[in-house]
Amino acid sequence: VNQKGRDIAKVLQQQQTDGKKCSQMCQKRFRKDALASVKVSRDFASRAKKVAREAATVWRREHAAQMEKTGQMPSYLSEAMNKNKKEYREAAEKKRVEDAERERVRQQKRINFLLTQTELFAHFIGQK
């Protein structure tokens, strides 16, 4: 009888530990799922806002381009767009000219350096 009592106690104790392990694993799993869903919903909202902004920008540009092609754009908008394009072209041209001048000065300095080095070398060799 004592053997049976001990066996039953062991079985009950094993069932309790198994139950605790199972409940801990379930809690862990549900916490993980809950955190993932919160992160996804937060991430989804920010991505949705970003996509909406980008889409609005694209549609605005397309609409302006379409209006300009068909000639339905108000004159003040057309003038502003042309003015911005003109300013952009002028700035790009100015930058290109400045870069060319900077490159010309750099090349001149390089040539001067090479000439002075050549003269120094020739003078050094001439003395030997």
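Helices (H or I, at least four residues) and strands (E, at least two) are DSSP runs, numbered from the N terminus. Counted this way, the protein has two helices and zero strands. Please keep in mind that this is a predicted model, where local features need pLDDT of at least 70 and side-chain atom pairs count only at pLDDT 80 or more, while totals for chains, interfaces and linings use all residues. Residues are numbered from 1 along each chain as its sequence is written, and side-chain values use heavy atoms, with hydrogens and water left out.

Let us start with the surface. Accessible areas come from the Shrake-Rupley method with a 1.4 Å probe, and for residues only the protein chains shown count as cover. The protein's accessible surface comes to about 12,400 Å², and carbon and sulfur atoms account for 60% of that. A residue is called buried under 20% relative accessible area, exposed over 50%, and partly exposed in between (1.4 Å probe, protein chains only). Of the 128 residues in the protein, 2% are buried.

Now find helix α2, which covers residues 75–127 and includes F121. F121 is exposed, at 55% relative accessible area. Together with F124 and I125, F121 forms a nonpolar patch on the surface, and the three share about 330 Å² of accessible area. Patches are made of residues with over 30% relative accessible area and no salt bridge; like charges are joined within 9 Å, and nonpolar side chains (Val, Leu, Ile, Met, Phe, Trp, Tyr) within 5 Å.

What about the salt bridges themselves? The term stands for a side-chain nitrogen of Lys or Arg within 4 Å of a carboxyl oxygen of Asp or Glu. By this rule there are six salt bridges. One of them joins the side chains of D99 and K95, at 3.3 Å from N to O. These two residues sit four apart in helix α2, so about one helical turn separates D99 from K95. K95 is exposed, with a relative accessible area of 51%, whereas D99 is partly exposed at 31%.

R106 and E103 form another salt bridge, with 2.8 Å between the closest N and O atoms. Both residues lie in helix α2, three residues apart, or about one turn of the helix. R106 is partly exposed at 43% relative accessible area, and E103 is partly exposed at 36%.

Finally, look at the cysteines. A disulfide is a covalent bond between the sulfur atoms of two cysteines. Here the term is applied to a pair of cysteine sulfur atoms within 2.5 Å. How many disulfides does the structure hold? The count is zero. C22 is in no disulfide, and its nearest cysteine sulfur, that of C26, is 4.2 Å away. C26, in turn, is in no disulfide either, with the sulfur of C22 as its nearest cysteine sulfur at 4.2 Å. C22 is partly exposed at 45% relative accessibility, and C26 is partly exposed at 36%.
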